[in-house]
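Have the viewer open as you read, and follow the headings from the interfaces to a single residue.

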Amino acid sequence: MRSVAVVGFAQSPQVRRTTGTTNGVEMLVPLIGEVFGGLGITKHDIGFWCSGSSDYLAGRAFSFVSAVDATGPVPPINESHVEVDAAWALYEAWIKIQTGEVDTALIYGFGKSSAGDLRRTLALQMDPYTVAPLWPDSVGVAGLQAQLGIDQGKWNEQDMAEVAVRCRRDAETNPFAQVTGSKDADALLAEPYLAQPLRRHDCAPITDGAAVIVLAAEGRARSLAERPAWISGIAHAIDSAHLGTRDLTTSPSAVAAAQRADIDGVEVAELYTPFTHQELILRAELGLGDDVRITPSGGALAGNPMFAGGLVRIGEAARQISAGTAGRVLAHATGGPALQQNLICVMEGR
Amino acid sequence: MTAVQPLSAPIELSFDYTRSTGPTLGRFLTGLARRQIRGVRAADGRVIVPPLEYDPDTHAALTDFVDVADRGEVVSWSWAPEPLPGQPLDRPFAWVLVKLDGADTSLLHALDVPAPDDMHTGMRVQARWAEAPVGHIRDIVCFEPESGAARAPAPEPDAAAEDVTMVTTPIAMKVLHTASIQETLYLQGLKQGRLVGQRCPQCRKVYIPPRGACPVDGVPTEEEVELPDRGVVTTFCIVNVPFLGQKIPIPYVAAYVLLDGADIAFLHLILDCAAEDVRMGLRVEAVWKPSEEWEYGLQNITHFRPTGEPDAPYDSFKEHL
Amino acid sequence: MSKERAAVLGTGQTHYRAKRQDVSMAGLLREAIDRAMADANVDWPDIDAVVVGKAPDFFEGVMMPELSLADAIGAVGKPLLRVHTAGSVGGSTGVVASSLVQAGVHERVLAVAWEKQSESNAMWALSIPVPFNMPVGAGAGGYFAPHVRSYIRRAGAPSHVGAIVAAKDRRNAAKNPYAHLQQPDMTMEKVQESQMLWDPIRYDETCPSSDGACAVVIGSERAAAAVERPAWIHATAMRTEPTTYAGRDQVNPQAGRDCAAALWKQAGITNPLEEIDAAEIYVPFSWFEPMWLENLGFMPEGDGWKLTEAGETEIGGKLPINCSGGVLSSNPIGASGMIRFAEAAMQVMGRAGEHQVDGARKAVGHAYGGGSQFFSMWVVGAEKP
């Protein structure tokens with residue numbers, strides 16, 4: 001395998017609502033400029049481009065096509081797009097670099113969730129014959145998963161609130177975060193339910209946002225960044241779509257991805273968990289002990305730009321390496337209802 | 001620069017999707033039309049409801065159908081205090097995973113109880129059937145707490161009823177569409193009967209409509225350029241297909257019109273002449289609606305018509321094809 | 001660093017029809033997948049990863065449908081990646097699957113691309129009114145027809161060339177049991193008698209709207225050793241440019257020219273017309289055959305139509321194009337690009353049946369999408385690269 005590293009990362013502020021278009025151009029143009037400026041490169045230095053976004057989020061077919069304009073793709077570029085969180089676009093770009101065809105790649109993801117009714121739109125990810133016609137919204141589905149764990153004694157509402165407390169406090173020092181706060185668990189638990197067993201603090205906010213990452217192979221990476229975040233392992237997998245046949249309190253696909261990516265010895269884990277109990281599932285399933293710092297950015301509970309959120313986790317984890325605050329880190333991304341699809345990217349300083 | 005508030009308007013998406021079911025789901029849905037719930041036995045012996053078409057382990061097609069009860073036990077639940085459009089009930093309810101008697105997996109549906117205090121995992125529930133089932137998951141209106149009371153017997157299955165092979169699923173949603181700042185300025189110009197493009201600060205090309213990102217340079221166009229409402233037909237086609245909502249009699253001409261001073265053409269209609277008289281290079285001018293009908297859109301120009309000027313030479317527009 | 005060799009081990013297709021109402025979405029995919037796996041002689045445990053390609057989700061009204069299809073397509077517990085690059089997506093899906101093997105990450109990858117247009121109505125999905133935009137109401141034909149007119153003007157092509165292409169592709173389709181349109185008696189004259197829809201494009205010069213899926217199994221050199229005659233992947237390429245920009249050549253887009261140049265270079269081909277034995281090119285409107293002949297570098301600019309007019313793109317000609325009947329005979333949008341890729345592979349594997357080009361050793365598969373702005377291509381050969 002070639003050594004490939006994250007050398008550049010930029011993200012937009014995570015906000016409840018932007019005034020931009022659903023094609024992400026307004027968010028992406030400054031981010032691409034920022035990441036190029038930081039690296040001292042131009043679009044001509046990029047060998048491969050890959051993005052992640054969703055037509056259903058934008059409410060129109062081919063919504064990613066206009067986004068390409070933000071890259072200024074003249075002369076034409078070597079480019080691809082995935083209809084998944086941009087963390088999977090990063091995976092495709094990493095693969096492309098592994099083929100030896102290119103040495104650098106720029107990955108971007110964007111989502112303007114405020115344009116529609118996100119929790120209802122996500123019901124359209126469910127089985128179209130027997131489930132989606134009931135419009136089970138994403139909060140309702142997450143609640144079924146949370147209640148299962150509560151009933152089985154795997155976690156309780158106090159544990160869930162503690163996750164929210166830590167994320168909100170961490171977000172206080174994240175200038176891009178949308179939700180911050182210093183309330184303790186007792187104060188959060190005094191709030192009413194949003195959708196029992198979930199309270200507002202258990203659920204990620206609705207967020208507009210975008211992110212950009214630049215990858216470079218050995219040779220290029222060291223000239224572009226002082227401390228590249230070398231990808232030592234990256235893998236992903238998917239679980240069954242049928243909630244009633246899965247044990248929703250576990251995450252076999254996250255475990256499979258973690259085994260392939262080899263997460264041993266990570267000091268920091270940036271987990272993409274839009275619901276508090278999902279962090280508890282992943283910590284248990286991945287065996288992340290108290291010695292692992294969990295999601296120091298505040299994570300999705302502090303800001304959840306759909307289709308960019310997983311890429312943000314990779315960027316935030318990579319920042320720990322480039323800042324010299326950690327030597328080996330893990331980033332996680334998820335997609336689909338109730339943690340159906342999971343990606344793990346392990347990075348280290350060398 | 002004064003802050004421009006971008007224009008926005010909703011996009012309403014609504015379509016009745018027609019889903020052919022294939023044999024396995026068809027059998028399940030045909031059962032529902034007869035108030036009967038069917039699962040399928042997987043290779044490992046589990047009874048899966050609703051049936052999967054293919055075995056989770058061997059991936060072979062599953063064909064061993066098993067009838068299960070329309071009652072069972074709640075495996076998990078969550079509360080839905082404010083139902084969203086399209087959900088099974090229009091008052092607060094619970095989402096439930098229900099393991100039906102005879103099944104080894106659970107089914108997602110709604111449970112009709114007044115309050116979350118009435119909920120607990122393990123509670124017994126039964127299906128509430130629609131008055132007239134048609135072969136759709138919503139033939140189960142919802143579940144309700146099991147009662148000891150005898151229920152009306154299921155009607156005799158209509159022996160003449162055909163098996164279900166198709167389900168119709170209406171999907172309606174609303175998304176707020178927002179124009180870019182650049183497009184907003186252009187639309188505000190149109191509202192006043194003006195054609196306002198913008199120049200890219202890097203390549204100096206004039207775009208109409210202007211762009212949030214110049215597609216060559218990836219930077220917003222900015223310097224406003226007022227353009228005349230006349231130009232040249234670069235290329236075109238003659239449309240002979242009647243289209244939904246199209247009010248213009250066929251044949252008509254759809255053409256790329258390059259305004260004088262612009263560096264990009266847009267599609268518009270050429271009328272007021274015979275379709276066969278339209279040529280590449282034809283000089284045309286805009287025909288505007290009466291000003292009191294002007295809105296935020298290019299439809300303020302109903303069409304373009306020939307000016308009678310000599311045609312533009314091919315070389316003058318060939319770079320725009 | 002050099003990449004791992006990769007080869008197509010097997011291909012599978014569904015029967016293409018306007019409405020495949022006999023199957024669910026999962027059933028449609030499995031029809032293609034099961035045939036591809038049988039053709040490749042592999043079983044489910046052999047598959048390391050699955051790549052799914054499809055055009056807009058609005059066609060079926062399912063957001064990221066691969067999520068709910070994961071079980072049926074054998075992806076559970078494995079990596080599943082969903083590609084969406086507009087009409088070129090079937091080709092791009094093949095390229096991504098190839099890369100997974102060429103990168104040395106996987107031994108065998110299943111790639112499947114599909115569309116079930118009968119779940120809705122593609123015309124509806126593509127023409128959802130966008131606020132502040134004036135619909136000129138001419139559809140996909142209305143979008144491409146003006147560019148065809150530009151081509152005819154630029155190349156000085158005689159008006160019957162489009163009809164030659166349409167008649168040839170429909171006759172070829174009659175030799176392909178999977179093809180949607182079966183018109184063995186189609187002639188140039190009949191095409192010319194069909195209704196003019198978007199002048200200069202006639203009814204018989206347009207593609208149908210189809211349901212269908214296509215799958216390929218791509219494997220490493222080691223995996224290919226178990227296959228009698230795999231199709232070795234000699235080169236893959238993808239290029240993108242904006243839908244519109246000032247000075248854009250919409251007849252002969254630079255993205256297509258650049259993509260082809262990169263493809264030929266990677267495949268070590270210096271004279272494509274002489275070295276390629278069969279081509280499967282994305283031709284949804286008949287005139288795109290001569291246009292792409294030039295864009296791909298088979299013919300000099302302005303001369304593409306001459307090869308077509310001379311009958312050299314027929315089976316048995318110098319460069320047989322779309323022996324399968326092409327997009328003009330079957331168009332399940334998201335799958336159409338992968339069908340081109342698979343048919344190119346079938347030619348060099350000697351498995352194209354009645355539409356086999358005798359002795360085909362090297363073939364090209366081509367797809368494009370959007371406003372002629374997304375391109376994906378591959379060259380496959382009977383010999384190892």
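## Where chain A meets chain C

The contact between these chains draws on 50 residues of chain A and 49 residues of chain C, where two residues are in contact if their C-beta atoms, placed from the backbone, lie within 7 Å. On the chain A side, the elements that give two or more residues are helix H2 (55–58), strand E3 (79–82), helix H4 (86–98), strand E8 (229–238) and helix H10 (252–261). Here helices (H or I, at least four residues) and strands (E, at least two) are DSSP runs, numbered from the N terminus. H4(A) supplies the largest share of this side, five residues.

By residue type, the side of chain A that touches chain C holds 24 nonpolar, 16 polar and 10 charged residues. In this scheme Ala, Val, Leu, Ile, Met, Phe, Trp, Tyr, Cys and Pro count as nonpolar, Asp, Glu, Lys and Arg as charged, and the others, Gly among them, as polar.

A word on the source: this is a predicted model, in which local features need pLDDT of at least 70 and side-chain atom pairs count only at pLDDT 80 or more, while totals for chains, interfaces and linings use all residues. Residues are numbered from 1 along each chain as its sequence is written, and chains are lettered from A and ligands numbered from 1 in the order in which they are written.

## Where chain A meets chain B

Chain A also touches chain B, with 44 residues of chain A in contact with 50 residues of chain B. Helix H1 (25–39), helix H5 (118–121), helix H6 (138–151) and strand E5 (193–195) of chain A each give two or more residues to this side. H6(A) gives the most, with six residues. The side of chain A that touches chain B divides into 19 nonpolar, 18 polar and seven charged residues.

## The build of chains B and C

Chain B has two helices and 18 strands. Its radius of gyration is 31 Å, well over the 20 Å that the globule rule gives for 321 residues, so chain B is more spread out than a compact globule. The radius is taken over C-alpha atoms, and the rule is 2.2 Å times the number of residues to the power 0.38. Along the principal axes, the C-alpha trace of chain B spans about 85 × 50 × 45 Å. Of its 321 residues, 44% count as buried; a residue is buried if 20 or more other C-beta atoms lie within 10 Å of its own, exposed if 12 or fewer, and partly exposed in between, with C-beta atoms placed from the backbone.

Chain C contains 13 helices and 11 strands. In chain C, 70% of the 385 residues count as buried.

## A three-strand sheet in chain B

In chain B, three strands form an open, antiparallel sheet in the order E12-E11-E13; strands pair if DSSP finds at least two bridges between them. Strand E12 (206–207) and strand E13 (223–227) of chain B stand at the edges with a single partner strand each, so one side of each has no neighbour in the sheet. Five bridges join strand E11 (residues 195–199) of chain B to E13(B), and B:Gly197 has B:Val225 as its bridge partner in E13(B).

## A closer look at A:Asp262

A:Asp262 sits in the loop between H10 and strand E9 (268–270) of chain A. This residue counts as partly exposed because it has 14 C-beta neighbours inside 10 Å. Leaving aside residues up to four places away in sequence, A:Asp262 touches A:Gly233 and A:Val346.
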